[in-house]
Each structure stands twice: as C-alpha cells, then as structure tokens.
There are 2 protein chains.
Amino acid sequence: MSAKLPRSPLAPQNFPKMLPVAGVRLATAASGARYQGRDDLLLMAFDKGTAVAGMFTTSKAPSAPVDWCRRQLRQGWGATRALLVNAGNANAFTGRKGDLALQACAAAAAKQIGCTRGQVMIGSTGVIGVLLDASRITGLLPALAKKLHPNAWQAGAEAIRTTDTFAKGACATALIDGIEVRINGIAKGSGMIAPDMATMLAYVATDAAIPGDVLHILLRKAVQGSFNMISVDSDTSTSDTVMLFATGKAAHGAITRAGDPRLRDFRQKLDAVAGDLARQVVRDGEGAGKFISICVGGAASPRAAKRIALSIANSPLVKTAIAGEDANWGRIVMAVGKAGEAANRDALAVRIGGLPVARKGMADPAYSESQVTAHMQGDEISIDVDVGVGKSSATVWTCDLTHGYIDINADYRT
Amino acid sequence: MSAKLPRSPLAPQNFPKMLPVAGVRLATAASGARYQGRDDLLLMAFDKGTAVAGMFTTSKAPSAPVDWCRRQLRQGWGATRALLVNAGNANAFTGRKGDLALQACAAAAAKQIGCTRGQVMIGSTGVIGVLLDASRITGLLPALAKKLHPNAWQAGAEAIRTTDTFAKGACATALIDGIEVRINGIAKGSGMIAPDMATMLAYVATDAAIPGDVLHILLRKAVQGSFNMISVDSDTSTSDTVMLFATGKAAHGAITRAGDPRLRDFRQKLDAVAGDLARQVVRDGEGAGKFISICVGGAASPRAAKRIALSIANSPLVKTAIAGEDANWGRIVMAVGKAGEAANRDALAVRIGGLPVARKGMADPAYSESQVTAHMQGDEISIDVDVGVGKSSATVWTCDLTHGYIDINADYRT
C-alpha cells in the first residue's frame with residue numbers, strides 16, 4: 001500500500017494506559033525495509049526465569065518464524081529471554097535462505113541480550129515469498145538493546161503493524177493469592193484473518209510466576225474464546241502466533257497446575273485481555289465499516305455452533321449485505337444451511353440487533369424491517385441465530401466486506 | 001438490483017444454436033413479480049415416458065422446490081411431464097405457506113399438461129425468505145401451455161436469470177448405437193455459487209432413451225467434474241438444482257446400465273455440456289473481470305486436490321490480487337497452507353499462465369514478474385500448483401473479486 005490508510009471508524013478512542021510488567025523491557029526501531037517514516041522492528045527483553053507458551057497457525061505452509069518458535073518451545077518451557085518482531089516481510093515461503101536470515105537475526109539479538117539463540121523468539125509479518133534481508137535488522141540490534149525500556153508498550157504495538165490502521169493493546173490487573181499481577185498484551189492484524197489455533201501476531205506478558213506447562217493450558221483456553229473466534233476474510237495466515245510470557249517477578253506462592261483455584265481471577269483477566277485484542281483485530285479488519293457479533297445457539301455441540309457462526313461470519317453475501325445496511329436475513333439462513341452442521345430449518349430463529357426477524361422456518365410476524373434497518377445503520381451489528389437442535393452455543397466476531405477491502409487488497413504490493 | 005447490469009466481459013459471443021430435442025417443448029411468460037419488462041417464468045413440457053434424474057444442494061436449509069423435486073424423484077424414475085421455473089423468488093425459508101404456494105403452481109401446470117402434480121418438477125431462484133405469490137404464476141399457466149414450442153430454448157435460458165447478465169446454454173450431438181441423439185442444456189447462476197452436489201439451476205434434456213436409474217449415474221458423474229468444480233463466492237445456495245431429462249424419442253436400442261459401452265460418446269458429450277454450462281456460470285460471476293482456472297496436482301487424493309484448489313479459488317485475498325492484476329503468489333501459498341490437506345511446503349511449485357513462479361518452497365530463480373504480470377492483465381488466468389505429496393489432481397474454475405461484486409450485493413434487495 002502506497003497511500004496511508006485512514007484510521008478504522010471502529011477503532012477504540014485511545015490506546016490503553018499500560019503500566020510496566022516487571023521483568024519486561026521494550027524498544028523499537030525503523031529498518032526502512034518496507035515502510036517509510038515509522039518503526040517496524042520490536043525487541044522485547046525478558047529477565048532470566050521467564051516462562052513462555054505459544055500457539056501457532058495450523059497452516060501447512062508456516063513461516064520460518066513459526067517453525068523456529070515451535071522448535072524452541074518444544075525444547076522445554078521456561079528459558080526465553082527475548083522476542084524480536086519485524087513488520088513488512090513475513091519470512092514465509094522463503095526456504096533455507098529464509099531460515100538462515102532468521103538465525104542471523106536471532107544470533108544478533110542473543111549477543112545483545114546475553115543469551116543463546118534458542119532463547120530468542122522471532123515473529124515476522126508482511127509479504128509472503130520475499131527473502132528477508134537480515135542485515136537491515138542485525139545492524140540495528142545494538143542500538144535497540146540500549147533503548148530497552150519498561151514503558152514502551154504503545155511504541156511496540158505501533159511497530160508491529162502492517163495494514164493495521166491503529167495500534168492494538170489491552171491490559172488488566174489480576175490477583176493471585178492476594179498479590180497483584182499485571183497482564184499486558186499487544187497484537188497486530190487486519191487482513192488474512194481466519195483463526196485456526198491463533199491469528200496473526202499477539203504477545204501477552206505478565207509478571208505472574210507461572211510455569212510454562214501451566215501457561216500453555218491457560219493460553220490455549222484464552223485463545224479458544226478469542227483469537228479462534230474471529231474472522232475478517234476467512235484467509236488463514238502462514239504466520240499466526242500468540243505468545244504468553246510470564247516473568248515470575250510477582251511475589252505470590254508457587255503455582256504448579258492450571259486448575260489451581262488461586263488462578264481463577266488471573267484466568268478471567270487473561271481471557272478478557274485476549275478477547276479485547278482479538279476484537280480489536282476485527283475492528284481493524286481491512287476496509288471494515290461495521291463490527292459484527294454473531295451468536296449461534298441451539299446447536300448440537302460447541303464445535304457445530306462455532307462452525308455455523310463462522311459460516312455466517314465468512315459469507316461474502318452476508319458481509320456485503322451488512323456493508324449495504326440491508327437486513328437481507330435470507331443470506332443468514334443460507335449460511336446456516338451451507339455450514340454442514342445439524343440445523344432444523346423449520347425451527348430456525350434469527351434476531352438482528354435483538355429484534356425478531358425469523359422463527360419457525362419463516363419470517364417472524366413481528367418482524368419490522370424499519371426497526372431492523374435502523375439497527376443495520378449503526379456500526380455495531382449483532383446477529384443471534386437459534387438452530388433448534390441442541391443446547392450448545394458460540395459467539396464469533398467479524399466485520400463487513402466493503403469496497404475498502406478490495407481497494408486495499410487489489411494493490412497490496414504495489 | 002434496480003439498475004440493469006452490463007453484460008459480463010467474460011460472456012461468450014453468442015447463445016449457441018440449439019436444435020429441438022424431440023419430446024421437449026418450452027414457453028416463457030412475465031409474471032411481473034420482481035422484474036419488469038422481461039420474462040421470468042419457464043414451462044417445459046415433456047412427452048410421456050420421459051425419465052429424469054436430479055442432484056440438489058446439500059444445504060441444511062433447502063428451498064421448497066428442492067424438497068419437492070427430491071420427494072417426487074424418490075417415488076421412482078421415469079414419469080416426469082413438466083418443469084416449471086420462476087426467477088426472482090427462491091421460495092426458500094417460507095415454511096408451510098411456501099410449500100402450499102408450490103403445490104398450487106404444480107397443480108395449475110398439471111392441469112394444463114394433463115398429468116399429476118407429482119409429475120411436475122419445480123425450480124425457484126431469487127430472494128430467500130419472501131413468500132411466493134402463487135396467483136401471479138397459476139393465472140399464466142393456460143397461456144403458457146398454448147405457447148409451448150420446441151424452439152424456445154434461448155427464451156427459456158433468458159427467463160430463468162436473476163443477476164445473470166447473459167443467458168447460458170450449451171448443446172451437443174452424441175451417437176448411441178450409431179443413432180444421433182441431442183443434448184440441450186440451460187443454466188442460470190452468478191452469485192451464491194459454491195458447489196456442493198450441484199450449483200444453482202441447470203436443466204439438461206436429451207431425446208436419448210435412457211432409464212432414470214442410469215441417468216442418475218451419468219448425471220452424478222457429469223456434475224462431479226463441472227458444477228461441483230466451480231465457485232464464485234463460496235456461498236452455497238438453498239436452491240442448487242441440476243436435472244437431466246431423457247424423452248426416449250431416439251430410435252437406439254435399449255440401455256439398462258451406465259457402464260454400457262454404447263454410452264461412451266453420450267457420456268463424453270454430457271460431461272462437455274455440463275462443463276460448458278458450469279464455466280458459463282463462472283463467466284457470469286457477480287462483478288467478474290477475470291476467468292480463473294486453478295489446477296492442483298501432486299496431491300494425496302482427488303478429494304485433497306479439490307479441497308486445495310477450492311481453498312485457492314475461495315480465498316478473498318487471491319481473488320482481489322487477481323482483480324488488481326497483481327502476481328501476489330504468496331497468497332496462493334497461503335491458501336494451499338490453510339486448506340488443511342497434506343502439502344509439502346518445501347517441494348511446492350506454482351506456475352501462473354504456465355510461467356514458473358515458485359518451486360521447492362521459494363521463489364523460482366526463473367521467475368519473471370513482468371512476464372507474469374502481462375498474463376495477469378489478460379482476462380483468462382491460469383494457476384497451476386503442485387503440492388508435492390502424491391499423484392492426484394483437480395481443476396476448479398472461479399472468477400476474481402471486484403468492486404462490482406460489492407456493488408451488486410450491498411444492495412441486492414433494494
């Protein structure tokens with residue numbers, strides 16, 4: 001994209017006020033590889049003893065950084081010291097040369113931090129299939145290391161953007177054992193968003209003292225209800241990554257299992273941070289003009305509910321109707337029908353903006369097109385569907401499909 | 001759509017010259033229900049002894065006509081006398097009232113033809129969820145019956161259009177036992193196109209003497225390689241229907257099984273007619289500017305090859321890149337990766353317009369962006385992918401995703 005995109009109309013007012021997380025410092029720089037006049041490189045440094053968990057794209061063609069992080073995490077939890085992220089080049093489908101470029105970056109970061117290469121996590125986002133020029137990054141590492149600061153979260157969120165029109169952050173404070181711990185998260189993503197394990201890049205850090213195996217369980221649960229419940233365009237990235245770092249600086253007692261009741265508040269707050277970040281990704285969906293919540297109930301299983309909800313969320317005809325503020329609920333029925341999951345057509349009920357639209361397999365006698373159209377003219381659309389066969393439900397979030405999406409993606413590289 | 005859409009730039013030059021099929025007569029009329037100044041109703045009459053086979057949408061919310069045709073076909077093959085199709089209202093998600101409206105239409109047609117209601121097949125296409133006003137149709141049946149004519153195939157193809165910008169027909173002559181038989185087909189469809197058993201409405205008639213159970217086998221095979229291999233927007237309709245009628249007027253010897261070697265030429269010609277109609281649907285894809293053929297080879301199974309090819313065909317990012325004439329092949333790799341089928345990233349090869357683009361997991365050294373871009377500027381795009389794990393292949397057809405698609409679908413009902 002040559003032209004700068006206007007800030008999404010669905011963006012939150014402000015970046016949240018994020019307090020430091022003990023044991024975490026950040027720094028950003030401009031490599032000039034792809035974007036002019038902005039930082040595109042993020043280094044996060046973690047104190048010794050930081051545990052980490054990660055979830056990654058299920059793509060069969062994952063990027064070099066996804067392969068790398070998976071490999072390091074497989075070595076065991078608990079020894080991560082740094083995270084290096086570049087925006088503009090995904091280092092995906094770049095073969096052996098891409099892997100060597102990554103290793104050069106990891107080595108340069110390790111040298112500055114004073115750790116092994118394997119203790120450096122890497123994230124890359126941007127164009128697929130273009131070789132990463134490591135020298136543009138490695139040369140900046142000494143300066144980056146000097147700049148590391150506990151208060152640079154917003155700058156970090158700014159630096160990892162690609163077509164994002166705003167920086168995405170979310171934070172919370174949770175109590176473990178009566179001790180306050182912080183949870184800070186940043187994310188990027190606005191296109192190629194169709195969750196499957198994780199979506200695009202999101203990094204969450206806490207000063208809680210939680211071992212890696214427990215972190216992994218908490219993260220999986222948080223991702224299930226957040227990043228795995230959003231879709232902008234049904235396209236799953238080669239680079240999807242969500243990582244959770246725990247520096248262990250907080251003074252609460254030892255945690256050894258995810259089911260520990262002392263984690264209850266932490267789990268809730270972590271889920272909230274992940275959900276907030278995921279919904280911000282949707283709010284920055286390429287060309288988005290409407291934020292859409294889709295709740296499917298009455299399904300045979302949670303998996304069926306999710307598949308039906310995603311079938312609605314990913315339907316180009318539903319998304320264009322919403323862009324046109326047209327209460328064309330027949331397309332919602334179509335999308336339920338094509339999902340391939342059990343649904344009772346003759347018991348199906350649809351509500352838009354909480355208003356009755358259809359029930360028992362046909363238009364609801366109480367349906368008021370003018371009321372529903374008024375709701376469609378807002379920028380937050382809610383769709384509730386009951387498929388009438390069971391008791392399971394799922395909620396997913398998406399955005400509409402507009403001319404803006406075509407504009408952005410018909411000339412992304414030029 | 002209030003404004004009339006311009007004819008697709010991908011449309012064939014002319015409607016084919018279709019000779020009569022012995023035993024088939026057609027007539028069209030204007031009900032005025034939705035479209036002004038054009039016919040929107042088609043009656044086809046078949047002589048006694050006409051066999052029929054049909055394939056229908058796998059949607060869990062099928063239209064009343066799909067339910068009806070399935071029910072009649074289940075009663076046994078071989079007794080169909082008429083087909084009545086209306087455009088503008090899909091009679092889908094209309095409950096018991098929609099079924100009663102359908103029965104009124106079938107009864108009115110049966111009265112004119114002199115057969116039972118169950119011998120009348122029904123097709124409806126258009127808006128979902130709006131009650132069909134049967135009186136607008138039943139009143140026209142006497143006049144329609146008087147107009148029936150063996151030479152009205154083009155008028156029939158015109159009458160069943162919705163957002164289609166051109167009428168779709170294909171025909172062939174085949175030899176069975178040395179006797180010439182005709183195959184005539186018409187189809188409609190340009191949005192909500194994602195095949196699953198069949199796509200939108202297509203009707204094929206022949207004067208061959210082939211019993212219904214054999215017809216069904218031939219039709220299933222023809223649909224597999226044609227209507228089930230196209231996608232415009234990944235949205236599967238509530239109304240998809242493909243039917244094959246055989247009047248038995250031709251003088252060849254009795255056929256009792258699909259494997260009969262005397263059917264060889266007929267099968268080839270039937271497959272060709274179905275493929276031609278299916279590709280015409282893609283050429284009339286809503287807003288389409290490019291016709292795209294995607295061939296995936298080296299896959300683990302034919303099903304895997306098809307799923308990977310459809311993953312590419314349905315990717316909004318691939319489709320918008322092609323609309324922008326951008327050789328952004330990284331998105332093709334992304335779409336292979338997200339398909340969920342076995343693929344060897346490090347053996348993956350991509351060709352566009354027959355030109356080398358990527359191989360062995362990275363950009364091909366022989367890649368010439370200027371040559372590939374020249375191909376992208378044409379209106380017929382070919383993409384070949386080898387996923388490097390097996391020997392199976394599949395070809396699917398789709399179109400690009402343009403501003404025109406948004407224009408058409410953001411205000412379809414208004």
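Two strands pair if DSSP finds at least two bridges between them. Strands (E, at least two residues) and helices (H or I, at least four) are DSSP runs, numbered from the N terminus. The views below show a predicted model, in which local features need pLDDT of at least 70, side-chain atom pairs count only at pLDDT 80 or more, and totals for chains, interfaces and linings use all residues. Residues are numbered from 1 along each chain as its sequence is written, while chains are lettered from A and ligands numbered from 1 in the order in which they are written.

**View 1. Strands β2 and β4 of chain B run antiparallel.** Strand β2 (residues 41-46) and strand β4 (residues 82-89) of chain B are antiparallel and joined by 5 bridges. B:Leu43 has B:Leu84 as its bridge partner in β4(B). Strands of a sheet pair through backbone hydrogen bonds, either parallel or antiparallel.

**View 2. An open sheet of 4 strands in chain B.** The strand order is β1-β2-β4-β5, and the pairing is mixed. At the edges stand β1 (24-29) and β5 (120-127) of chain B; each has a single partner strand, so one side of each lacks a neighbour in the sheet. On average, neighbouring strands are turned by 15 degrees against each other, direction ignored. Helix α2 (residues 95-113) of chain B lies across β2, β4 and β5 of that chain, running at about 135 degrees to β5(B). Axes are lines fitted to C-alpha atoms, for helices over the stretch in contact, and angles run from 0 to 180 degrees between N-to-C directions.

**View 3. Strand β2 of chain A is enclosed.** In β2(A) (residues 41-46), 6 of the 6 residues are buried, so the strand is largely enclosed by the rest of the structure. A residue is buried if 20 or more other C-beta atoms, placed from the backbone, lie within 10 Å of its own. A:Leu41, A:Leu43 and A:Ala45 cover one side; A:Leu42, A:Met44 and A:Phe46 lie on the other. Strand β1 (residues 24-29) of chain A pairs with β2(A) in the antiparallel sense over 6 bridges. There, A:Ala27 stands opposite A:Leu43. Strand β4 (residues 82-89) of chain A also runs antiparallel to β2(A), through 5 bridges. In β4(A), A:Leu84 is the bridge partner of A:Leu43.

**View 4. The contact between chains A and B.** Here 54 residues of chain A are in contact with 53 residues of chain B. Contact requires C-beta atoms, placed from the backbone, within 7 Å of each other. α10(A) gives the largest share of the chain A side, 7 residues. By class, the chain A side has 22 nonpolar, 20 polar and 12 charged residues. Nonpolar means Ala, Val, Leu, Ile, Met, Phe, Trp, Tyr, Cys and Pro; charged means Asp, Glu, Lys and Arg; the others, Gly among them, are polar.

**View 5. Helix α9 of chain A meets helix α12 of chain B.** The axes of α9(A) and α12(B) (residues 403-410) come within 8 Å and cross at roughly 70 degrees. That makes the two helices roughly perpendicular, a term for angles of 65 to 115 degrees. From α9(A), the contact takes A:Leu317, A:Thr320, A:Ala321 and A:Ala323; from α12(B), B:Ile406, B:Asn409 and B:Ala410. These residues divide into 5 nonpolar, 2 polar and no charged.

Notes: Two residues are in contact if their C-beta atoms, placed from the backbone, lie within 7 Å. Angles under 35 degrees count as roughly parallel, over 145 as roughly antiparallel, 65 to 115 as roughly perpendicular and the rest as oblique. A residue is buried if 20 or more other C-beta atoms lie within 10 Å of its own, exposed if 12 or fewer, and partly exposed in between; C-beta atoms are placed from the backbone.
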